[in-house]
Amino acid sequence: MNRRPVQCPHCDYALASFSELIEALEGGGKCLLCGGLIEKKELSTTADLFSAEDIANEGRDKAKAEAGIAQEEDLLESSPDFGDEGEDEADPVL
């Protein structure tokens, strides 16, 4: 479906995804970037244009992205740290 994103009149941030629109509505119609007020009716009308399939696809894509981020974080946390270990101990040779 051809939906136009809702533009913030203050900073021109484009709220294009269903989750952004709902988050802005739940926040009292405030822009997610600058906090400026956006007309709630425009947010609501645009959110209503999303089909159940569109919402499910967005959720699936978001879950995939979060899983990828979690994998990267696990990799970074499991990497050995070669820099700080034993620095506070006195060198027995000196």
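The model is predicted: local features need pLDDT of at least 70, side-chain atom pairs count only at pLDDT 80 or more, and totals for chains, interfaces and linings use all residues. Residues are numbered from 1 along each chain as its sequence is written, and side-chain values use heavy atoms, with hydrogens and water left out.

**Fold and surface**
- The protein has three helices and two strands (DSSP runs, H or I of at least four residues for helices, E of at least two for strands, numbered from the N terminus).
- The order from the N terminus is β-β-α-α-α.
- Of the 94 residues, 16% are buried (under 20% relative accessible area; exposed is over 50%, partly exposed in between; 1.4 Å probe, protein chains only).

**Salt bridge**
- The count is one salt bridge (a side-chain nitrogen of Lys or Arg within 4 Å of a carboxyl oxygen of Asp or Glu).
- Arg 3 pairs with Asp 54, with the closest N and O atoms 3.1 Å apart.
- Arg 3 lies in the segment before strand E1 (6-7) and Asp 54 in helix H3 (residues 52-78), so the pair ties together parts 51 residues apart in sequence.
- Arg 3 is partly exposed at 24% relative accessible area; Asp 54 is partly exposed at 23%.

**Thr 46**
- Thr 46 sits in helix H2 (residues 40-48).
- Thr 46 is buried, at 10% relative accessibility.
- A polar atom of the Thr 46 side chain lies 2.9 Å from the backbone oxygen of Glu 42.
- Beyond neighbours within four places in sequence, Thr 46 contacts Arg 3, Arg 4, Val 6 and Leu 21 (heavy atoms within 4.5 Å).

Terms used:
A polar contact is a pair of N or O atoms within 3.5 Å; within protein, one must be able to donate a hydrogen and the other to accept it, and residues adjacent in sequence count only if both atoms are side-chain atoms.
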